[in-house]
Structure formats: structure tokens, C-alpha cells
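Subject: The structure, and what I found in it

Hi,

Here is the structure I promised to pass on. Please open it alongside this note, and I will walk you through it.

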Amino acid sequence: EREGKSLTVANGGVAFPHARTDLVDQIILGIGRSAKGVSFGTEQPLVHLIFVIAVPQQMVNDYLICVGSLARVLNREETRTALLAASTPAEFFDRMRDQR
């Protein structure tokens with residue numbers, strides 16, 4: 001249902017599902033990775049990197065900055081490849097930091 005309102009899948013097998021809610025008081029980011037890929041609908045390619053974002057209702061601008069920064073970094077194929085190849089969470093985050 002969420003995907004029917006607005007697609008969260010970006011180029012390169014990355015998705016940014018998000019929700020604006022009063023249940024959080026700061027932006028919360030969850031990261032998932034799948035070698036096999038996750039389907040976000042029959043018309044979309046499989047997604048391998050998922051960045052789930054919970055956003056307080058009043059922090060729309062902060063959310064746009066967050067997702068824009070993630071999208072710029074993850075737009076590069078070499079970044080996505082490096083993240084998928086990371087063998088530990090620490091290595092994953094080190095590779096994210098290196099791409100800023």
C-alpha cells in the first residue's frame with residue numbers, strides 16, 4: 001500500500017521506505033542488506049540495500065536532507081558494491097563514512 005502512494009525504490013537496488021509519525025522524537029535509521037534481493041513490487045527491480053527511516057512529523061526538512069545525502073552517496077555503483085561486500089557492520093559503516 002505504501003509503495004502505491006510513492007515509490008521508495010531508487011536506482012541501483014536501493015530503497016528508502018519511510019514514515020512520518022509522532023511515535024518518534026528524532027530521525028531513526030535502520031539499515032538492511034540482502035544478497036538475494038527483496039521485492040518491492042513486480043514492476044521494480046530487486047532491492048539489495050534498504051534504509052528504513054522513521055521521521056517525526058515536525059522534521060520534514062531534516063528528513064529531506066538525510067535522504068538526499070544518502071541518495072547522493074548510494075547513487076555511485078562502487079559505493080553500493082563496497083557496502084554489499086562489507087563483512088561486518090563496522091566495515092559497512094566505515095565504507096559509508098569513506099563515501100561522504
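Below is what I found, starting with the whole chain and then going down to single residues.

Please keep in mind that this is a predicted model.

**The whole chain**

The chain has 4 helices and 5 strands, and their order along the sequence is α-β-β-β-β-β-α-α-α. Its radius of gyration is 14 Å, close to the 13 Å that the globule rule gives for 100 residues, so the chain is as compact as a globular protein of that length. Along the principal axes, the C-alpha atoms fill a box of roughly 35 × 30 × 20 Å. Of the 100 residues, 33% are buried. Among contacts with a separation of 6 or more, 59% are between residues 24 or more positions apart.

**The cores**

In soluble globular proteins, nonpolar side chains tend to be buried together. Here, the largest nonpolar core has 15 residues. Phe16, Leu49, Phe51, Leu70, Leu74, Phe92 and Met96 are those with the most contacts inside that core. Strand S5 (47-56), helix H2 (60-74) and helix H4 (89-98) each supply at least two of the core's residues. Another core, of 5 residues, lies apart from this one, and its members include Val9, Ala15, Val47 and Ile50.

**Helix H2**

Which residues of H2 are buried? They are Tyr63, Val67, Leu70, Val73 and Leu74. Seen down the axis of H2, the buried residues fall within an arc of 125 degrees, so they line one face of the helix. The face turned away from that buried side carries the exposed residues Asn61, Ile65 and Arg72. As for what covers the buried residues of H2, the list includes strand S2 (14-15), S3, strand S4 (28-38), S5, helix H3 (77-85) and H4.

The length of H2 can be checked too: at 1.5 Å a residue, its 15 residues should span 21 Å, and the end C-alpha atoms are 21 Å apart, which agrees.

**Leu70**

Leu70 is worth a look on your screen. This residue lies in helix H2 and is buried, with a relative accessible area of 9%; the cut-off for buried is under 20%. Leaving aside neighbours within four places in sequence, Leu70 is in contact with Phe16, Leu29, Phe51, Ile53 and Met96. Of the residues with the most contacts inside the largest core, Phe16, Phe51 and Met96 are among them. Leu70 and Thr81 are 11 residues apart in sequence, and their C-alpha atoms are 15 Å apart in space.

A search of the whole structure finds 2 aromatic pairs. In one of them, the rings of Phe92 and Phe93 have centres 5.8 Å apart and planes at 80 degrees, so the pair is edge-to-face. Are these two residues buried or exposed? Phe92 is buried, with a relative accessible area of 7%, whereas Phe93 is partly exposed, with a relative accessible area of 41%.

**Thr21**

Thr21 has 19% relative accessibility, and because buried means under 20%, Thr21 counts as buried. Not counting residues up to four places away in sequence, Thr21 touches Val55, Pro56 and Gln57.

Happy to go through any of this with you.

Best wishes

Terms used: Residues numbered from 1 in each chain as written. Predicted model: local features only at pLDDT ≥ 70, side-chain atom pairs only at ≥ 80, totals over all residues. Heavy atoms only, no water. Buried < 20%, exposed > 50% of the residue type's maximum accessible area, 1.4 Å probe, protein only. Contact = heavy atoms within 4.5 Å. Core = buried A, V, L, I, M, F, W, Y, C linked by side-chain atoms within 4.5 Å. Expected span 1.5 Å × (residues − 1). Arc of directions from axis to C-beta. Phe/Tyr/Trp six-rings, centres within 6.5 Å; stacked < 30°, edge-to-face > 60°. Rg over C-alpha atoms; globule rule 2.2 N^0.38 Å.
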